[in-house]
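Please open the model in your viewer and keep the selection panel at hand.

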2 protein chains.
Amino acid sequence: VEQPVVALDAMGGDHAPAATVEGALRAHDEHGVRVTLVGRPDAIEPELARLGRAGALPVVPAPDVVGMDEDAALALRSKPRASVRVAADLVATGDAAALLSAGSTGATLAAALFAFGRLEGVRRPAVAAAIPVSDGRRLVLVDAGATPDAEPELLVGHARMGLAYAQALGVTSPTAGLLNIGAEPGKGNALARDASESLTAALGPAFAGNVEPAAALDGAVDVLVADGFTGNIFLKTVEALRPVRDVHTGAALLLGVRGCALVAHGAAAPAELAAALRTAAQVSAEDVTGRVAAALAAGAAA
Amino acid sequence: VEQPVVALDAMGGDHAPAATVEGALRAHDEHGVRVTLVGRPDAIEPELARLGRAGALPVVPAPDVVGMDEDAALALRSKPRASVRVAADLVATGDAAALLSAGSTGATLAAALFAFGRLEGVRRPAVAAAIPVSDGRRLVLVDAGATPDAEPELLVGHARMGLAYAQALGVTSPTAGLLNIGAEPGKGNALARDASESLTAALGPAFAGNVEPAAALDGAVDVLVADGFTGNIFLKTVEALRPVRDVHTGAALLLGVRGCALVAHGAAAPAELAAALRTAAQVSAEDVTGRVAAALAAGAAA
């Protein structure tokens, strides 16, 4: 079976393009991942040359870059030739199987929406991080940072997508919990209290109630639902205290779009980017995105 | 110098009174902490007897208990003889120097407000956790869980109290950062974005801007400001991943009330409760509460 191609936004991330180019070469050399570098050739090619590997990886030119502090939707609209958007287009046209960016999550999400569109029934895509917990199991955190301001119904959507993702990862009857400051009903801030009621009404027994951080990291549930702000604080705190390789596979998956797109850390070093590229290749080879779409369409989570 | 007396809410916590009585005996025997047990004698005395220590510690009777799922303010009003309220009264009358409870934080806060009142200029008290970071330094997290729903101005109050607490802990010119999902200005949810502006306007150079979890745990600032929901999620995630003794001193301090009150974990085991009692004794012996009040009155943080 031929390896899928990952379109890497070579201009995305705090240390791009030096870190992205080196990470791509490592993923290629050490794991056999096929990577297409997308971005400014005058920035990428000197990095390949610096590492003694001129011409080693294909480069698809894209003249523009979306900065970390730009408004994502606005930037994507005004820069159709931005690297993250060109990389997403490569997936849409079938020239690549997955998109990976260590740049702005908002811009990656916007590019994926432009290029792929969203799955039916999905109000808003989310970022899902699969955090290893115990016995080889993984905790699917949704939303890990796509939408910092959320309403209760959005969290119901996150839960449905997370449950579908857990099924795609092989869990037969996954359960979802709401990340909260206490396990008792009625705990939390206004959003958590309302979301807990909405989740109970929408998911029935698949909703396991409120879950505190320790229980979530002990594997009490398969899916951890949170607004994008709280979820991102939780993920970043876990990442700050655990060795990087134990935290997740270097990349988080966008859920709710009709294509395979993943985000890596802005601060990722080449080794982490190589791991993220390997994850992107695996996720697309296993058609996780297609399986999530199928599980959502089957209403398995509802 | 005579040791201060800590009034322990013996009925508070998931494993009370077994864990509280055993923790009190350990604090007494191993660290010389003077503890008064407050609660139902018919529940406390059998525990002392079970441990072969009948009569070893003074017991102040209080017939009522506030449950973890009760409305705190309501319960405190309808149960003037609840253990946490009687313990707070002992501090107000000078019969104890500090209150410690492993029961509901809301009830402890309400009891402290009833018994001590609040400091001038404080809109709402907060819970402060002093998290060890590096080189013996501590990160003061405010709010660690008192008020889950907050507005920007409340976070300014948290920051002022946290800076005063850091000064009381010996930091000469403390800085405060806002717990956020990115360091760049404009990052976060609506509350974080607005609070960042309010903090900049109110605190000037004492406000160091947005801080991500990793930077906060690296000691980038002395005070970490958060709403009570996010702060509690952060604290509980840190506690889930670090050995308990490395996290903090077993107890978090109430800031903004005119008296010394601390809260311990509901799930705390006897060893943790003993550490918390020792912390309570130290905090009252060092008059941390008085020094916070003085720093706030001097407007040092503003």
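The stops below concern a predicted model.

**Both chains.** Begin by colouring chain A and chain B separately. The same surface serves both copies, since 100% of the contact residues of chain A recur in chain B.

**The interface.** Next, select the residues in contact between the chains: 28 of chain A meet 28 of chain B. About 2500 Å² is buried between the two chains, and carbon and sulfur atoms give 72% of that area. On the side of chain A, display Ile181(A), Phe229(A) and Leu241(A), which lose the most area to chain B and together account for 26% of what that side buries.

**Charged and polar pairs.** Four salt bridges are found across the interface. To view one of them, select Asp149(A) and Arg193(B), whose closest N and O atoms lie 3.6 Å apart. Six residue pairs are in polar contact between the chains. Now show α9(A), which supplies 10 residues, the largest share of the side of chain A that touches chain B.

**The nonpolar cores.** Turn to the largest nonpolar core, of 114 residues, where Leu37(B), Tyr165(B) and Phe234(B) are among those with the most contacts. Helix α6 of chain B, residues 152-168, gives the most to this core, with 10 residues. Finally, centre on Phe234(B): its contacts include Ile233(A) and Thr237(A), as well as Ile131(B), Leu141(B) and Leu179(B).

Terms used
Residues numbered from 1 in each chain as written. Chains lettered and ligands numbered in written order. Predicted model: local features only at pLDDT ≥ 70, side-chain atom pairs only at ≥ 80, totals over all residues. Heavy atoms only, no water. Contact = heavy atoms within 4.5 Å. Core = buried A, V, L, I, M, F, W, Y, C linked by side-chain atoms within 4.5 Å. Buried < 20%, exposed > 50% of the residue type's maximum accessible area, 1.4 Å probe, protein only. Helix = DSSP H or I, 4+ residues; strand = E, 2+ residues; numbered from the N terminus. Buried area = accessible area lost by both parts, 1.4 Å probe. Salt bridge = Lys/Arg side-chain N within 4 Å of Asp/Glu carboxyl O. Polar contact = N/O pair within 3.5 Å; in protein donor to acceptor, adjacent residues only side chain to side chain. Lists of a residue's contacts leave out its neighbours within four places in sequence.
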